[in-house]
Amino acid sequence: MSSTPPPLAAYWPLFGLRLATPRLMLTPLQDADLPEMCELILAGIHDRAVMPFQVPWTDAPTEELAENVLRFHWARRASSTPDDWSVMFMVRRRGVLVGLQELQGTDFAVTRTVSTGSWLGRTHQGQGIGTEMRSAVLQFAFDHLRADRADTGAFTDNAASLAVSRKLGYRPDGTQVRQRRPGERAVEQRLTVDRASFVRPDWMVQHRGLPACLSAFGL
Ligand SMILES: CC(C)(COP(=O)(O)OP(=O)(O)OC[C@H]1O[C@@H](n2cnc3c(N)ncnc32)[C@H](O)[C@@H]1OP(=O)(O)O)[C@@H](O)C(=O)NCCC(=O)NCCS
C-alpha cells in the first residue's frame with residue numbers, strides 16, 4: 001500500500017516560502033501558477049509601441065508567447081543554484097495573480113547584493129502595487145537575508161519603474177546603452193540602494209518558510 005508522498009516543498013524548500021504585505025501575497029512560482037500567468041501576459045503588460053524589457057520577450061507572436069514564457073521559467077527555475085539564484089515571486093492581490101517580482105543573487109554570501117525585476121498586468125498598474133511588491137522583496141533581502149545592497153535598472157523612458165525606484169531610495173548608478181529591439185538603441189539607467197538609504201514603508205513584510213530556504217540562497 002502506498003502512502004501519500006510529502007509535498008514538493010519537502011524537496012524544493014522555496015516552494016514553502018511566503019511573503020505578505022498589507023495587500024499582497026508573494027510566493028515562488030510553481031507550475032500551478034502558470035496557466036494564470038500566461039493569461040495575464042497574453043492580456044498585456046505594456047503598450048506595444050514601447051519595450052520596457054532588456055530582452056524583448058513580449059514582442060513574440062501571440063501564438064509563441066506562452067510557450068516561450070513556459071520554457072523561460074522552467075529553465076530559470078531549474079538553473080537556479082545557491083551560487084546564482086533567482087526567485088520569481090508570483091504576486092497575488094485578493095487571491096488574483098497581478099504580476100511577477102523577481103529577486104536574484106549571485107555569490108550572495110559574499111556579495112550581499114540582490115537585484116530585482118518586475119512586471120504587472122496592465123489593469124493592475126498605477127495603484128501602488130509595483131512599489132509595494134518591490135518594497136516587500138527589499139525588506140526581505142535587507143532584514144532577513146542580510147543583504148547590504150540592491151541593484152536594478154530601467155530604460156530612461158520607463159517613468160513608472162524609475163518612479164518606483166526613486167520612491168524607495170535608489171540612487172543613479174551609471175548608464176548602459178543597449179539594443180532593446182533589433183535596430184533600436186536605448187539607454188538603461190542603472191540604480192542602486194543600500195540598507196541605510198532604503199525608504200521603508202509604514203508596514204513590515206511578513207514571511208514564512210525561510211529557515212528551510214537559507215541554503216537555496218547560498219546562506
Ligand atoms: C513598472 C511597474 C512594475 C510599476 O508598477 P506600478 O504598480 O504601476 O507602480 P506604482 O503605482 O507603485 O508607482 C508608479 C509610480 O510611477 C509614476 N508614474 C507612472 N507613469 C508615469 C509617467 N508617465 N510619468 C511620471 N511618473 C509616472 C506614478 O505616478 C507612481 O508614482 P507616485 O506613486 O509617486 O504617484 C509597472 O508599471 C509595470 O509592470 N510596467 C510594465 C513592465 C515594466 O516596465 N517592468 C519594469 C521593467 S524595468
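Gly-218 lies in the segment that follows β9 (206-208), where helices (H or I, at least four residues) and strands (E, at least two) are DSSP runs numbered from the N terminus. The model is a predicted one, in which local features need pLDDT of at least 70 and side-chain atom pairs count only at pLDDT 80 or more, while totals for chains, interfaces and linings use all residues. Residues are numbered from 1 along each chain as its sequence is written.

With 18 other C-beta atoms within 10 Å, Gly-218 is partly exposed; a residue is called buried if 20 or more other C-beta atoms, placed from the backbone, lie within 10 Å of its own, exposed if 12 or fewer, and partly exposed in between. Leaving aside residues up to four places away in sequence, Gly-218 touches Pro-82, Asp-83, Trp-85, Gly-105, Phe-108 and Ala-109, a contact being a pair of C-beta atoms, placed from the backbone, within 7 Å.

The protein has five helices and nine strands, which run β-β-α-α-β-β-α-β-α-β-α-β-β-β from the N terminus on. Its radius of gyration is 17 Å, close to the 17 Å given by the globule rule for 219 residues, so the protein is as compact as a globular protein of that length; the radius is taken over C-alpha atoms, and the rule is 2.2 Å times the number of residues to the power 0.38. Of the 219 residues, 29% count as buried, and among contacts between residues at least 6 apart in sequence, 64% join residues at least 24 apart.

The largest nonpolar core has 40 residues, and those with the most contacts inside it are Phe-89, Val-91, Ala-136, Val-137 and Ala-141; such a core is a set of buried Ala, Val, Leu, Ile, Met, Phe, Trp, Tyr and Cys residues joined through C-beta atoms within 7 Å. The largest share of this core, eight residues, comes from α4. Val-91 touches, beyond residues up to four places away in sequence, Leu-24, Leu-26, Val-98, Gly-99, Leu-100, Gln-101 and Met-133.

Helix α4 (residues 129-144) is largely enclosed by the rest of the structure, because 13 of its 16 residues are buried. At 1.5 Å a residue the helix should span 22 Å, and its end C-alpha atoms are 22 Å apart, which agrees; the expected span is 1.5 Å times one less than the number of residues.

The shell around the ligand has 22 residues, of which Pro-52, Gly-130, Thr-131, Ala-159 and Ala-163 come nearest, a residue being near if its C-beta atom, placed from the backbone, lies within 6 Å. β5 (113-120), α4 and α5 (159-167) each supply at least two residues of this shell, and the largest share, six residues, comes from α5.

| Residue | Phi | Loop |
|---|---|---|
| Arg-94 | about 50 degrees | between β3 and β4 |
| Arg-112 | about 50 degrees | between α3 (108-111) and β5 |

Most residues other than glycine have a negative phi. Arg-94 is exposed, with 8 other C-beta atoms within 10 Å, whereas Arg-112, with 18 such neighbours, counts as partly exposed.

Notes:
Two residues are in contact if their C-beta atoms, placed from the backbone, lie within 7 Å.
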